[in-house]
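Hi,

Here is the structure I promised to hand over. Please open it beside this note, and my findings follow below.

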Amino acid sequence: NYPGYYLDLILKDGKAYLPNPPLPAIILMPFVAIWGTSTDEVFVANLVGAFNVVLVWILLKRLEISKIPRILLTALFGFGTVYYSASIIGTICFFAHLVAITFLLLAQIEFFGKRRTFLMGFFLGLSFLARQSVILSLPFFIYPFIFPKHKFSLNILLKQKLRISKDVLTLLMGLAIPVSFQTFYNFIRFI
């Protein structure tokens with residue numbers, strides 16, 4: 001049974017399905033295993049929200065932002081944007097947003113750090129398992145491997161062919177694991 005006011009449903013063969021990707025629910029599972037149905041999703045959202053503020057600090061440090069601007073930008077992210085509202089409201093839609101940001105930040109930290117392309121793709125894929133529209137950030141991660149000098153050139157594209165293949169394919173392999181999970185999840189839900 002579902003509340004009558006809940007309009008965001010997929011109806012198939014007399015059953016109602018939620019269209020939301022599975023990662024936010026998977027992240028809530030350990031909390032539900034401990035506290036059962038009295039688990040406070042807002043509390044968990046607060047924890048994820050606080051963790052993401054720490055990740056923003058790490059990302060800004062990787063970008064070599066000096067200390068005072070880093071403090072201000074981190075505080076602005078945590079308290080001066082709609083992110084704060086998402087963290088304190090914590091309903092399913094906002095919780096999914098927070099989880100997507102967690103893994104998108106981890107992908108960016110890896111991008112501006114060691115650039116292990118498999119991990120970047122995997123984190124991006126996990127972000128996709130929370131909010132599918134995050135997949136639209138894929139060009140941000142691929143473009144620098146194709147055009148390392150930040151300018152489009154067919155000559156660069158031809159010369160970098162081997163590197164493009166290795167880095168981009170490794171990133172896509174990392175991405176393929178969570179995307180394959182989502183595909184399998186939907187397949188077993190709707191057969």
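**Ser-127 and its surroundings**

Leaving out neighbours up to four places away in sequence, Ser-127 is in contact with Ala-100, Phe-103, Leu-104 and Val-134. Ser-127 sits in helix 6. Its relative accessibility is 0%, so Ser-127 counts as buried. Please keep in mind that this is a predicted model.

**Confidence**

The mean pLDDT of the protein chain is 88. A score of at least 70 is reached by 87% of the residues. Among the elements, helix 6 has the highest mean pLDDT, at 97. Helix 8 (residues 154–159) has the lowest, at 61.

**Overall build**

The protein chain holds nine helices and two strands. Along the sequence, the pattern reads β-β-α-α-α-α-α-α-α-α-α. Of the 191 residues, 36% are buried. Now take the contacts with a separation of 6 or more: 64% of them join residues 24 or more positions apart. The chain exposes about 11,700 Å². Carbon and sulfur atoms supply 71% of that area.

**The core**

The largest nonpolar core has 39 residues. Which of them touch the most other members? They are Phe-95 and Phe-141.

- helix 1 (23–35) and helix 2 (41–62)
- helix 4 (82–89) and helix 5 (92–111)
- helix 6 (117–128) and helix 7 (138–146)
- helix 9 (161–190)

Helix 5 gives the most, with ten residues.

Look at Phe-95 in more detail. Not counting residues up to four places away in sequence, Phe-95 touches Pro-24, Ile-27, Leu-28, Glu-41, Val-44, Ala-45, Val-48 and Gly-90.

Val-44 lies in helix 2. Val-44 counts as buried because its relative accessibility is 2%, and buried means under 20%. With residues up to four places away in sequence set aside, Val-44 touches Leu-28, Phe-31, Thr-39 and Phe-95. Val-44 and Phe-31 are 13 residues apart along the chain. Their C-alpha atoms are separated by 8.2 Å.

**The surface patch**

Which residues form a nonpolar patch on the surface? Phe-79, Tyr-84, Ile-88, Ile-89 and Phe-94 do. Together they have about 480 Å² of accessible area. Helix 4 gives the most to the patch, with three residues. Ile-89 is found in helix 4. At 39% relative accessibility, Ile-89 falls between the 20% and 50% cut-offs, so Ile-89 counts as partly exposed.

**The salt bridge**

How many salt bridges does a search of the whole structure find? It finds one. Side chains of opposite charge can pair when their charged atoms come close. Here the side chains of Glu-110 and Arg-116 meet, at 2.8 Å from N to O. Arg-116 has 40%, so Arg-116 counts as partly exposed.

Best wishes

How values were computed
Residues are numbered from 1 along each chain as its sequence is written. This is a predicted model: local features need pLDDT of at least 70, side-chain atom pairs count only at pLDDT 80 or more; totals for chains, interfaces and linings use all residues. Side-chain values use heavy atoms; hydrogens and water are left out. A nonpolar core is a set of buried Ala, Val, Leu, Ile, Met, Phe, Trp, Tyr and Cys residues joined through side-chain atoms within 4.5 Å. Buried means under 20% relative accessible area, exposed over 50%, partly exposed in between (1.4 Å probe, protein chains only). Helices (H or I, at least four residues) and strands (E, at least two) are DSSP runs, numbered from the N terminus. Contact means heavy atoms within 4.5 Å. pLDDT is the predictor's confidence in each residue, from 0 to 100. Patches are made of residues with over 30% relative accessible area and no salt bridge: like charges are joined within 9 Å, nonpolar side chains (Val, Leu, Ile, Met, Phe, Trp, Tyr) within 5 Å. Accessible areas come from the Shrake-Rupley method with a 1.4 Å probe; for residues, only the protein chains shown count as cover. A salt bridge is a side-chain nitrogen of Lys or Arg within 4 Å of a carboxyl oxygen of Asp or Glu.
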